[in-house]
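I opened a new notebook page for this structure. My plan is to look up one thing at a time and write down what I find.

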Amino acid sequence: MDAPASEKRLEQLREKAWQEGVVPGRGVDVVGGPIPRKPGYYGEPVVKPPVWTWEIPLYFFFGGIAGMSAVIAFAAVLFHHVDLARAAMWLAAIAGAVLSPILLIMDLGRPHLFLNMLRVFKHRSTMSMGVWILTAFGTCAVPGVIALELHTHQIFTSTLDQLLSFAAGIFIFGAAIFGTLLATYTGVLIGATAIPAWFLHRTLLPIHFGTAGLGSAAALLELLGHRISALNFIGFYAAAVETALLIWLSVDKHGVADRAIHEHGSGWLIRIGEVLNGPLALILRFFGLVPLAAISFLIGALISRVGWIAVGKVSGSDPESVFAAERY
Amino acid sequence: MIGEGTHSTNQRRHAYVQENVEVGFFTDPTVCIGCKACEVACKEWNHVPDDGFVWSGNSYDNTGHLGASTWRHVMFVEQDRQKGGQIVGSYSVTGNGEDPFRWVFLSDVCKHCEEAGCLEACPTGSIVRTEVGSVLVQNDVCNGCGYCVVSCPFGVIDRRPSPLPDAGGAFKCTFCYDRQKSGLVPACAKVCPTESIVFGRLDDLRAKGQQRVHQLRETGYTDAQLYDPQETSVRGIHAFFLLLGEPEAYGLPPKPQVPTIYLKSAWTAAFATAIASIIATLVAFAFSS
């Protein structure tokens, strides 16, 4: 009932007021006016968006590489690819026992209190589980790489060397087991929260993070010069799973509740990341362009981790998403 | 209740901490006058720093939302019950009894959930449950990992940014645990001039809340309801509210869930991925050897 502003309209209003005693009708929408036009309480966020900064997506990226490198190292040891096993264990130790803890500690509000993480063991807190997984992983990966190097270079005599090779095997096995958890728990970490776009995809996230970790580890080892068919096979597997996840994500939409994944800059990050480590990496690998496929996968895996944290910030600041997510 | 003077549960001394009695806040917007004494008392007693002076333009609310440095927040809800359009004039003049606008004040606070997302998420054990059932952050233990922030279904707890004092740690309402240990009532309840905030035994307050809802419904406030999500995984809150209208208008989630309910499906996916990755890697090496 947007009547034009005219003398005639004013006469109408006067007439109506005289006859009915009240004039119901639209007023003027004042920008910033007192009538709430925003969802919820003045559009204020209902849940809090994550406070995490650039360290966390980078940690997800390196943690994934470290964990799954140990898996590749374990398989390489089993099938006697010693050089590959050494490279993979070095990756696992550097990314998992050096870079990851540094990034995690940097992200803390009070880095000097980081040891308080080891005060308790709480299976219901994924953050606590993650810290223990990372600790266990480092405890296996560092002795694992040392034992493997000492054994490879035949530093000690026969008996001690046999012991070393046995120890290396045990530590690498341990690193592989904790490594798979290190690469996947990060999906649980953000999946089991109050952020709608995250918890609605809590089953997809660990699959995505773990598989992206496996593909990234293989890709990085390939770029370091280990061009063997086993890594190429892993590359195919990871890119194929990521392509399936891209399809899953575009089919399994929840409307307003997870719009942060499909709209805004955060949506573009997810899409670009998933295309790079899904279909594009698959096609490049299919045509034998292994280094390009590896680079595409690595960049995609990194962008998608940044994207998922960005999604959390957008989704957590969006009150409508929280209300809408309660239907699921 | 008001009129009881020093016998009111808001003023008299107690020994709830020593007796392990579950306590609570019942906040009733129908008697709130929006004076913000609770916000001031909370800041002063707990030495909560100011987090900026910003004009929001949202009614008289320049506080915005609960956070690391805002533990009580008086909301000024302007409800337009003729949803969608602005109404000129007042219907109540013509006698149909419906005010097109309603101005509701509600003092928001940490809900102190029965199943608290922040407490479950805390990896340092900094967040604990006290004898009176409240949820307390031990500031000297918290290392500021930020996981509680995304685990609270009500968006209450937050990490305090620099350069504020005690920056980097997570903060929220303490239910004035220090005062309660000494038999004193939380600062906000103590200063509330209309006893819109009532402190007391949780079971007493829940009964009182029900009574108040019936009273209001009988006098024409048909949309009065209690906000105490006992049927969701949060399993009830220690600081519960009376609401006029729907929870969304107050920025409260109608069905809050504690995020730990998502753990099972997420970990299942994680373990499945872990096993699939090991098998894929072993198969890759087996076939290429």
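**Entry 1: chain B overall.** I am working with a predicted model. I began with the contacts in chain B that have a separation of 6 or more. Of these, 64% join residues 24 or more positions apart. Next I counted elements: chain B has 8 helices and 10 strands. Its C-alpha atoms fill a box of roughly 90 × 50 × 40 Å, taken along the principal axes. I also checked burial. Of the 289 residues in chain B, 46% are buried.

**Entry 2: domains.** How is chain B divided? I found domain 1 at 5–254 and domain 2 at 258–289. The C-alpha centres of these two domains of chain B lie 42 Å apart. I then looked at where they meet. In chain B, 8 residues of domain 1 are in contact with 4 residues of domain 2. On the domain 1 side I noted 3 nonpolar, 3 polar and 2 charged residues.

**Entry 3: helix 8 of chain B.** I picked out this helix and took its length. Helix 8 of chain B has 26 residues. From first C-alpha to last it reaches 37 Å, close to the 38 Å expected at 1.5 Å a residue. Which residues of helix 8 of chain B are buried? My list includes B:Leu263, B:Trp267, B:Ala270, B:Ala274 and B:Phe285. I jotted down a rule here: an α-helix has 3.6 residues a turn, so residues three or four places apart point the same way. Then I asked what covers the buried residues of helix 8 of chain B. The cover includes helix 2, helix 5, helix 7 and helix 8 of chain A.

**Entry 4: where the chains touch.** I moved on to the whole contact. It takes 68 residues from chain B and 75 residues from chain A. On the chain B side, the elements giving two or more residues include strand 2 (72–80), helix 3 (117–121) and helix 8 (263–288). Helix 8 of chain B gives the largest share of that side, 17 residues. By class, I recorded 34 nonpolar, 27 polar and 7 charged residues on the side of chain B that touches chain A.

**Entry 5: the core.** I finished with the largest nonpolar core, which has 192 residues. Those with the most contacts inside it are A:Ala73, A:Ala88, A:Ala92 and A:Ile172. Helix 2 of chain A, residues 55–78, supplies the largest share of this core, 16 residues. I followed up A:Ala73. Leaving out residues up to four places away in sequence, A:Ala73 touches A:Ala85, A:Ala88, A:Met89, A:Ala92, A:Ile172 and A:Ala176.

Note on methods
Residues numbered from 1 in each chain as written. Chains lettered and ligands numbered in written order. Predicted model: local features only at pLDDT ≥ 70, side-chain atom pairs only at ≥ 80, totals over all residues. Contact = placed C-beta atoms within 7 Å. Helix = DSSP H or I, 4+ residues; strand = E, 2+ residues; numbered from the N terminus. Nonpolar A, V, L, I, M, F, W, Y, C, P; charged D, E, K, R; others polar. Domains from an automatic or database assignment. Core = buried A, V, L, I, M, F, W, Y, C linked by C-beta atoms within 7 Å. Buried ≥ 20, exposed ≤ 12 C-beta atoms within 10 Å, placed from the backbone. Expected span 1.5 Å × (residues − 1).
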